[in-house]
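Please read it with the sequence and the structure side by side.

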Amino acid sequence: MTSPGSATAVYDVPVSYSGPSWEHDTVDEAMLSVSSAGGVPAFDDKNMSHEGEGKCIVMVGLPGRGKTFLAHKICRYLNWIGLDARCFLVSQYLRDFFSDPVIGEKKFLAPYYSPDNKSSLSERLQALEMALKDVKDFLLNVDCCDHATGGSPTTPCGSRIGRIAIIDGQATQTAIRQQIHSSVSSVIGSSNIIYLEVSADSDTVRQLFTLKHTMAENTEFHEYAGMSVEKALEDFESRVKVFEKTFEPLASRHQIHMNTSNNVIQIKGVSGFLQSRMLSWIVNLSPLRRLKFPIFFARHGQSEYNVEQRIGGNPGLTAIGKEDASLICNYVRSSGLKKEDLIIWTSTLRRTVETVEPLRLEGYTVVKWKALNEIHAGICEELTYAEVEKKHPYISEWRRQSKYTFRYPGGESYQDLVQRLEPVLMEMESSKRPVLVVAHQAVLRTLFAYFDDKAAEFSAHLTIPQATVWRYHPTSVGLSKLDKIQLRTSTPPHIAEVQERDATFKDLPATS
């Protein structure tokens, strides 16, 4: 909705906390799970319960449709909401174990996939067997998946309940899918295997391939390194024609079909919590759109409460904070991000709004998201760190035990933030233009857990400096790449003094 008398839109997304009014913001800190009613610590394993065995998602489709991109995005999302998911790329096993010692991955050009190439077929089946062994070990809680991607590195081994394996590659024929099904169902049962077929029209495939090929950090088509786009595309289309001759569409009872050209999704025999969450996520994903439009992040400029070492609240910017804002605005201008292209998202709190005010006055579109407000610190709101230690000495100890799940009495935890930020994240992934998100430390920590492939628990300890911009753009296969651009070449003494004082409060939240 649009506020009366305001040129900026305000997205009033429901929040998950049960504490005070959102007139004030919270701290850049994390929490363990403290009951807001009685202040009693409740140390939860995950932010949701899981029933039944693990699950397996099998990606199906011809090359170049966006299967690997979607697999990594699904994996990242599932980890972000508290599940334990990993991707198993058959092509990665093939490259790791069967590359030629002389020509390397040039071996995997179109002739390699010819049906007459018996050694190729043998190697590809071996790579599939290696992947399936690791999939079963993962689902059975045996951590030997060195070639899997997307798992949280700090996630401890637990039970097999709730684990999700995503297999990508080689599943273009019914016989191969039956082999995968037979192998995996011996561990988790047939009903826990979901097939996701991905298709696209030829124009989208060409656009996607060309965009991937020109990306400096291309991680999918190493065999095309040094080749012109035209020559690489010619070879790739020859490879696709080989697979088209033997490709067999899905005829499974439990399947999802997604067309990445128009985002049309067809569902058959699919139900349940995981499937519903996955569907709501992938409908917002477009490999072509996401590779085209970057997302930028910045923390608000220094606030009055930063200087006072006070938690939360709704303070304005200091003189230094206005310098921070000027640096961020100058970065936007110098980066060629035009006002008709870029959309800027902030929280509804003064310090983020004031940070981008110069750009709003220049005609840039600014959208305020209530869901981007800082974590609420409950009974600690607007207290100084010293006051928290004096009035609530138990809070530091509870937070120390598990910063990610600690919830301030009457406030929020990082786990609460994940639920609150999910609608915002969906909008980011589906955006048809570049986005600049100017938010708070705890909010950015939570978002970076998704965009920078960090374990959620680890992200609660990240330091998010001011006067810094992060540029997110995925690699060609959907893996995250987050570039950090520091806008200050050196730190002035008056800023360094504040930072030094911040560092003395190690057991309490960093300032928001």
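## Salt bridges

The structure holds 18 salt bridges, a salt bridge being a side-chain nitrogen of Lys or Arg within 4 Å of a carboxyl oxygen of Asp or Glu. One of them joins the side chains of E223 and R239, with an N to O distance of 2.5 Å. Because E223 lies in the loop between α5 (202–214) and α6 (229–246) while R239 belongs to helix α6, this pair ties together parts that are 16 residues apart in sequence; helices (H or I, at least four residues) and strands (E, at least two) are DSSP runs, numbered from the N terminus. E223 is buried at 0% relative accessibility, and R239 is likewise buried, with a relative accessible area of 6%, where buried means under 20% relative accessible area, exposed over 50% and partly exposed in between (1.4 Å probe, protein chains only).

A salt bridge also forms between R310 and E387, whose closest N and O atoms are 3.6 Å apart. This pair links distant parts of the chain, with R310 in the loop between α9 (304–308) and α10 (319–334) and E387 in helix α13 (residues 385–391), 77 residues apart. E387 is partly exposed, with a relative accessible area of 29%. In another salt bridge, the closest N and O atoms of E362 and R333 are 2.5 Å apart. Here, too, distant parts of the chain are linked, since E362 sits in the loop between α12 (357–361) and β11 (365–369) and R333 in helix α10, 29 residues apart. E362 counts as partly exposed at 32%, as does R333 at 35% relative accessibility. Finally, salt bridges that share partners join R95, E105, E223 and R239 into one network.

## Aromatic rings

A pair of aromatic rings is described by the distance of the centres and the angle of the planes. Rings of Phe, Tyr and Trp (its six-membered ring) are paired here if their centres lie within 6.5 Å, with planes under 30 degrees apart counted as stacked, over 60 as edge-to-face and the rest as tilted. By this rule the count comes to 19 aromatic pairs. Among them is the edge-to-face pair of F108 and Y112, with 5.0 Å from centre to centre and 90 degrees between the planes. F108 is buried at 1% relative accessibility, and Y112 is buried with a relative accessible area of 5%.

The pair of Y394 and W398 is tilted, at 4.8 Å centre to centre and 55 degrees between the planes. Both residues lie in helix α14 (residues 393–401), 4 residues apart, about one turn of the helix. Y394 is partly exposed at 33% relative accessibility, whereas W398 is buried, with a relative accessible area of 16%. Elsewhere, ring pairs link Y77, W80, W281, F297, F448, Y450, F451, W470 and Y472 into a cluster.

R310, a partner of E387 in a salt bridge, also lies over the face of Y305, at 5.9 Å from the ring centre; a charge sits over a ring if NZ of Lys or CZ of Arg is within 6 Å of the ring centre and within 35 degrees of the ring normal.

## Cysteines and a buried glutamine

A search of the whole structure finds 0 disulfides, a disulfide being a pair of cysteine sulfur atoms within 2.5 Å. The sulfur of C75 has its closest cysteine sulfur in C87, at 4.0 Å, which is too far for a bond. C75 is buried, with a relative accessible area of 1%, and C380 is buried at 0%.

Q275 is found in helix α7 (residues 273–282) and is buried, with a relative accessible area of 7%. Not counting residues up to four places away in sequence, Q275 touches K55, I194 and V270, contact meaning heavy atoms within 4.5 Å.

## Confidence and conventions

The chain averages a pLDDT of 81, and 80% of the residues score at least 70; pLDDT is the predictor's confidence in each residue, from 0 to 100. Over residues 152–160 the pLDDT stays under 50, and the model has 16 contacts for them beyond four places in sequence. The pLDDT is also below 50 over residues 500–512, a stretch with 47 contacts in the model beyond near neighbours in sequence. Where pLDDT is low, the predicted coordinates should not be read in detail.

Residues are numbered from 1 along each chain as its sequence is written, and side-chain values use heavy atoms, with hydrogens and water left out. In this predicted model, local features need pLDDT of at least 70 and side-chain atom pairs count only at pLDDT 80 or more, while totals for chains, interfaces and linings use all residues.
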